[in-house]
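Hi everyone, thanks for coming. Let me put the model up on the screen, and then I'll walk you through a few spots in it.

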Amino acid sequence: MRIQTKIISLVAGVLFGTCTACGVFAVNQYMNVSIKKLAVNEMEKLELAERGFSQIGSREDFDKMGELARDAYLKYQFEHFYQKGYALLKGQECIKNMTDYEITAPEVLEETYEVQRLGESFLLLMKRQLPYPEDFWVLSVKDITSTWEEGKEQARSYLAVFTVVFTVSMVIVAVVIRYLLKALEKLQAQAERIKGGDFSDKVVLKSRDELKELSDSLNSMSDQIQQQIEDLKLLLGAMAHEMKTPLTSIIGYADSLLHVRLSDQQKEQSLEAIYRCAGRLNQMSGKLLQLIGFYENQEIEMEAVDFVEVIKDIYEENKKILEEKEIRLELLLEDNEGIKKDIKIDRLDKKGAIMTVYGDKLLLTSLFANLISNSIKAFDNFGEIKVILNPKARKIIVQDNGRGIPLEDIPHVTKAFYMVDKSRSRRQQGAGLGLALAERIAKAHHASLEIESCLGEGTKVTVMISGLTVTFDYNL
C-alpha cells in the first residue's frame with residue numbers, strides 16, 4: 001500500500017469516527033433537551049389542572065362519600081378540569097380514559113416521564129399523584145412524534161453537513177498530501193539524479209516548512225558535490241596536462257643519456273634538465289595533494305604561531321633566489337595611522353613574539369610562502385617585496401612592485417591551474433596552484449584574500465584575519 005493511501009485512509013477513519021461520535025452526541029443532546037422541555041411544560045399544565053381539580057371538594061367531603069359515589073363524582077369533575085390526552089387512575093386501574101390509546105399497564109411507569117414508541121408514533125407519558133383522595137393518579141399521554149421527526153430532521157441535516165464537510169475535508173487532505181508527497185517525489189528523484197552523477201536539475205520549493213529546508217539542504221549538497229567533482233576533474237585533467245611536458249623532457253633526456261654519445265658537459269646539462277623537471281613534478285604533486293586535502297572537512301588544530309618566525313623561515317628558504325635576483329624582502333609593522341616600522345628580518349632572534357596568530361603553523365607557512373613565491377616570480381631581476389603586519393586591523397599584506405596582473409585576470413587567479421602568463425609560469429616551474437591553495441588555506445582559517453594589482457606596477461594581496469585571535473608586542 002502506498003503511503004498516500006495509508007495517510008488518506010488513516011485521516012478518513014479518524015475524521016469519520018470523530019464526526020460520527022460528535023453527531024450522535026449532538027443529536028442525542030438535542031432530543032434529550034427537547035423532550036425534557038416538553039416534560040417540564042406538561043408538568044406545569046398538570047400542576048395548574050390539579051389546583052382547579054382540588055377545589056371540587058375537601059378531604060372530609062370525600063371521606064363522607066361512598067366509594068362508588070366518590071369515583072363517579074371524580075370522573076365527572078375530571079372531564080371538566082382536564083382536556084383530551086389525560087386519564088384518571090385509581091391505583092393501577094384506569095377509571096377515566098380521555099386519551100386515544102388503551103392504557104394497559106400504568107404501573108410500569110416509574111420515572112417522572114417516559115417516552116414510548118407505538119407503531120410509527122412516539123408518546124410522552126407522565127404520571128402525577130393527586131393529594132387526595134389517596135391512591136388516585138393523573139396520567140398524561142402526549143404525542144411527540146413531531147418532535148421526534150424534528151430530531152430526525154436534525155440528524156439528516158447533520159448527516160448532510162457532515163457528508164459535505166467530510167468530502168471537502170478529504171479532498172483538501174488528499175490535495176495537501178499529494179502536494180507534500182509530490183515534493184518528496186521530486187526530492188527523491190533529485191537524490192537519484194545526484195546518485196547517478198547529474199547535478200544540473202535543482203528542486204526549488206516555495207513553501208516555508210521542513211520540506212523547503214530539506215530542499216535547500218539537498219540543493220546545497222548537490223552544489224558542493226558538483227563543485228568538488230568539477231574541481232577534482234580539473235585537477236586530474238590539468239595534472240595530466242602539466243605532467244606531460246616535464247615527463248616528455250625527462251624521457252627525452254634519459255633516452256639521450258642511454259642511447260646517444262654525449263660529452264661530459266652535455267651529460268651534465270641533461271641531468272640538470274632531468275633534475276629540474278623532476279623538481280617541478282615534485283612541487284606540483286605536493287601542491288595538488290595539499291589542495292585536494294582541503295575537500296575533507298577536518299578541524300584545524302589552532303595553536304599560537306609566532307608570525308614573524310613564519311616570515312623568517314620563509315625568508316631563509318628563499319634567501320638564495322632573493323640574492324640571485326637582487327630582490328629585497330622587507331618586514332614592516334604598521335599601526336592604524338599608517339606609520340610603518342621596519343623590522344630587520346636577518347637580525348631577528350626568536351625571543352619574544354612581535355605578532356602571534358592562532359592557527360595551523362604549517363598551513364599558514366604554506367599560505368604566505370605561496371604569496372611570497374608569487375611575488376618573487378613577478379620579477380626577472382631587482383625588486384622589492386613588503387610584508388606589512390597590522391595587528392590592530394587584523395590584516396597582513398604581501399606587496400610587490402613587480403610586473404603585476406592584468407585587471408581582467410584578477411577574478412580568476414585563485415582558480416586552480418589558472419596562469420596569467422603560461423609560458424613564463426612553465427619556465428619558472430609554476431603550475432597555477434599557489435593562489436588557489438592560498439585561498440583554500442585562508443578559508444580554512446576563516447580568513448579571506450583581497451587581491452589588488454596594476455599591470456607594470458605590482459600586486460598587493462591583503463589577508464584579512466578577522467576570524468583569528470591576534471596578539472602583538474610593539475616593544476622591539
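Predicted model: local features only at pLDDT ≥ 70, side-chain atom pairs only at ≥ 80, totals over all residues.

Residues are numbered from 1 along each chain as its sequence is written, and side-chain values use heavy atoms, with hydrogens and water left out.

Let's begin inside. There is one cavity of 30 Å³ or more, a cavity being a set of points on a 1 Å grid over the protein atoms alone where a 1.4 Å probe fits but cannot get out. Points are joined across faces, edges and corners, and the volume is the space filled by probe spheres set on them. The largest cavity comes to about 60 Å³. Its lining (residues with an atom within 4 Å of a point) includes Phe-53, Leu-74, Tyr-132 and Pro-133.

Now, how many salt bridges does the whole structure hold? The search finds 14, each a side-chain nitrogen of Lys or Arg within 4 Å of a carboxyl oxygen of Asp or Glu. In one of them, Asp-100 pairs with Lys-84, with the closest N and O atoms 3.2 Å apart. Asp-100 sits in the loop between strand S2 (93–97) and strand S3 (113–118), and Lys-84 in the loop between helix H3 (67–81) and strand S1 (86–90), so the pair ties together parts that are 16 residues apart in sequence. Helices (H or I, at least four residues) and strands (E, at least two) are DSSP runs, numbered from the N terminus.

Terms used:
1 Å grid on protein atoms, 1.4 Å probe; cavity = no way out; pocket = protein on both sides within 12 Å on 5 of 7 lines; lining within 4 Å.
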